[in-house]
Amino acid sequence: MAPRSFFTSDAASLSLDGTWDFRLDEGDWGAITVPGHWQLQGHGSPAYTNVRYPFPVEPPFVPSDNPTGDYRLVFDLPENWPDEPAVLRFDGVDSCGLICLNDAELGVTRGSRLPAEFEVGHLLRPSGNVLTVRVHQWSAGSYLEDQDMWWMSGIFRSVTLLSRPRGGVADYEIHASYDHVTGSGTLSVEGGLLSVPELEVTDLPPGQSFSLPVEPWSAESPRLYDGVVHTEAERVPVRIGFRTVAISEGVLTVNGARVVFRGVNRHEHHPRFGRAVPREIALQDVLLMKRHNVNAVRTSHYPPDPYFLSLCDEYGLWVIDECDLETHGFGELDWAGNPSDDPRWAESYVDRMRRMVERDKNHPSIVLWSLGNESHTGRNLAAMASWTRDRDPSRPVHYEGDFDCEYVDVYSRMYASHEEVDQIGREHTHGLPFVLCEFAHAMGNGPGGMLEYRELFERYEHVQGGFIWEWIDHGIERDGHFAYGGDFGEPLHDGNFVIDGLVFPDRTPSPGLLEFAKVFEPVRITGTGAGIRVESFYDHTGLDHLRFDWVYEDDGVEVASGTLEVPRTTAGVRADIALPELPAVSGEGWLTVRASLAAPTSWADAGHVVAWGQILVAEPPPAVPFSGVERVHLGDVLRHGIGEFDPVTGLLTKLGELTLDGPRLDLWRAPTDNDRGSSHPDERAWRDAGLHRLQHRVVDVDTHPSGLVVHTRVAPPAWGFGMLADYHWTADGDRLHLRVDITPDGEWPCTLPRLGLRMALPAADAVEWFGRGPGEAYADSRQAARTGRFTSTVDALQTPYVFPQENGNRADARWLRIGGVLIEGEPVFDFTARRWTSEDLDAAKHTDDLVPGDLVHLNLDLAQHGLGTASCGPGVLPQYRLHARKASFAVTFVPASGRS
């Protein structure tokens, strides 16, 4: 059948989802759930590749050894089923399916993430209908579906039998534009009469337009009008959003206003069901996005289940709807044989675009059509763009692979560096709106550098945001952990490159999502020196829906609070406000202002925090000089104040009654995915330099009446460079003070993972600190961490990245209480605390490889190397790189019975 809109109506329908009979490769029959993938239901195994095809590349041929699943369902019609034409609809079959009903062959589905419909009214019988589907894992279409995800097969979207009444609504299209100058909307319809009771529109005939004052639709204010497209035989409920997308002077606008995409790329994934994502999970995605200041989605790299688009209409998300097309594997062959420029594939390309556009054309959330992803360039892509522009001139066309912008309306790039984006902004390359369709690769710990991208989006009017890669880690539940590429024995795979989302596979937000929410918050609250500045970065709405509350804290303890009166402002406007009257404080005085929802919305309760800012009002008092009056006592052990030291190594072994493995210089961290990325990864340089196996040599232990100095040299084997580390210990009552002086020795060939101290404590659980928190923070990913006093447990400090790596760093601690010891900074330090060593973390491949030990391993750091996004994109920006340099930092240890 010809492609048409996805819609429901008052006509009869019958869902065929549920339990079907199934066999794989003509084996024994059993049961299977539809929608679903057979690999996740005990038949074969998933396989993951990013780019490479898992079969020989000789298009259009696929291997003869082609896993084939046979589906069978026997169903009866409801008693009141009408004697009318009927359509059998498949919303998604991977990769192709031969459909038969009651022994009559209906046809073949092609395009896994696109609908296929077949006329079946003449074949139906009241009972005992036998529907069979033979699904092949590989088909010619597989060459067009190489989309950096698990290869999984089957009927993974819904199957529905639809009555199509004679004289009903065969298809419909609603045109609802908005004139931002006059405030009026213009409405027209094709395919039936249109009635919109709220607008007093009744039986608007096809082809006739009608203008009237309306409230426009936007992602910030998703105003929808309920209506009905109808004939005498059928009524189709519709939701109408008035909006106009345009490009004016090289700037993409909606309803006359520039838009900035604070977006994510979203694959459909569930850790148990794969791409058969339940509706409640799709809703969970949208709610999480809205609550974390995501305003846009690119449907990478195929049209989603249509229900997701209806959620975007309802809750408010800009959408780039992307065609089911990617031929990335041909890049391994220098694009030889790529179908994109082969005329034999022209109809396949255009057909995929046609089916997407026709299915989704009535969604106001869709503001750009995308031709697909990473398919190089060629005449077939140009033909898709031409057809789309003719069919729907109301939406611009996007495709990143058209580097010369020959057939697209926006200039799009992926993973362009900050420097390159700045150049594009300065030169207004191609004179078109610029969008990063992928940036800030969210693989593992990161991404770093989002703040600097945001600054570029704000600096240049035609640089209009981007889409984080990507929304979710594609982990699959297996044996107590989340599996990734290679865990199912695939001979060809790309490992954990499929684990690169802002949410974990179970949709727990990662620190990266919290950082995104802070960096891209639509309201910015800062200090001006004389007061508070509130700036709106909304594109269309003001601040009337928000309330502003403040809290004033003295060293992290609340001493005052109140409500801030913010003047009414429109989108893009700022207001300066006087500081509230604040009490005097004895310590560090931090004013925190939060912008929260004043009333409940469809996506969050009243009180949900949309944005926040902190202002340092009172500087911390000067530190009390350390007198160091305690003497050193020599013997079998060195005693200095409350500290006991090994006389040979100079290591601290006891603090009062607390046994510990005293601090010594540490330069290593378990590499992150970003450390392992790029053609010249930091991890390789660090390992080549031997930083993961440093050796410590004690030069001497120098005692004098009022202190202890331990001179050491720390260096990797096989090389001549190293670090000189001198530990200066002084004691005063129950306080033990350490200053560490670090001097590079020789020429260092690389950056440092970290620079700090490492020690071990007996088993500890409770953790309290005054510093940045409550979550982890790193040099280039720390905006989401506010200054305050926080409590946690050692276990809760860990971030369970699917592939274990450095995590859990808390930044700028003024003091830390853990395991019977209080540690004070001069002025601050970073810390991590975990029940395993960095070496254990480095060796682990899955979270359940990490087995808690009897000790808590504590790092106290002066600094760590930034995170960057080198797993796929630019590395650490220069200002966040950690180089070997002369440094000195100090901490004080106190028994933690009470803060001194």
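Two strands count as paired if DSSP finds at least two bridges between them. Strands here are DSSP runs of E with at least two residues, and helices are runs of H or I with at least four, both numbered from the N terminus. The views below show a predicted model, in which local features need pLDDT of at least 70, side-chain atom pairs count only at pLDDT 80 or more, and totals for chains, interfaces and linings use all residues. Residues are numbered from 1 along each chain as its sequence is written, and side-chain values use heavy atoms, with hydrogens and water left out.

**View 1. Strand β36 and its two partners.** Start at Gly527, which stands opposite Ile532 in β36. Strand β35 (residues 523-527) and β36 are antiparallel and share 5 bridges. In their hairpin, 3 residues lie between the strands, and Gly529 has a positive phi near 95°. Strand β36 also runs antiparallel to β39 (residues 574-578), again with 5 bridges. There, Ile532 faces Ile577 of β39. Of the 6 residues in β36 (residues 531-536), 5 are buried (buried is under 20% relative accessible area, exposed is over 50%, partly exposed is in between, with a 1.4 Å probe and protein chains only).

**View 2. An open sheet of 4 strands.** Follow the order β38-β37-β40-β41, with antiparallel pairing. From one strand to the next, the twist averages 20° (axes are lines fitted to C-alpha atoms, for helices over the stretch in contact, and angles run from 0 to 180 degrees between N-to-C directions). Strand β40 (residues 589-597) joins β41 through 8 bridges. Look for Leu591, which stands opposite Ile615 in β41.

**View 3. Asn255 in its loop.** Here Asn255 sits between β23 (251-254) and β24 (257-258). Is Asn255 buried or exposed? With a relative accessible area of 8%, Asn255 is buried. A polar atom of the Asn255 side chain lies 3.0 Å from the backbone oxygen of Trp217.

**View 4. The largest cavity.** A search of the whole structure finds 2 cavities of 30 Å³ or more. On a 1 Å grid over the protein atoms alone, a cavity is a set of points where a 1.4 Å probe fits but cannot get out, a pocket is an open set with protein on both sides within 12 Å along at least five of seven lines, and lining residues have an atom within 4 Å of a point. The largest cavity has a volume of about 90 Å³ (the space filled by probe spheres set on the points, which are joined across faces, edges and corners). Its lining has 16 residues, and the closest to its centre are Asp94, Glu145, Trp151, Met152 and Arg275. Strand β12 (residues 149-151) gives the most to this lining, with 3 residues.

**View 5. The second largest cavity.** This cavity holds about 60 Å³ of space. Among the residues lining it are Ala442, Asp473, Phe504, Asp673 and Tyr801.

**View 6. The second largest pocket.** Its volume is about 830 Å³. Of the 47 residues that line this pocket, Ser510, Pro511, Leu514, Glu515 and Ala784 are the closest to its centre. The elements that give two or more residues to the lining are β34 (481-483), α7 (511-519) and β41. The largest share, 6 residues, comes from α7.

Technical notes: Polar contact = N/O pair within 3.5 Å; in protein donor to acceptor, adjacent residues only side chain to side chain.
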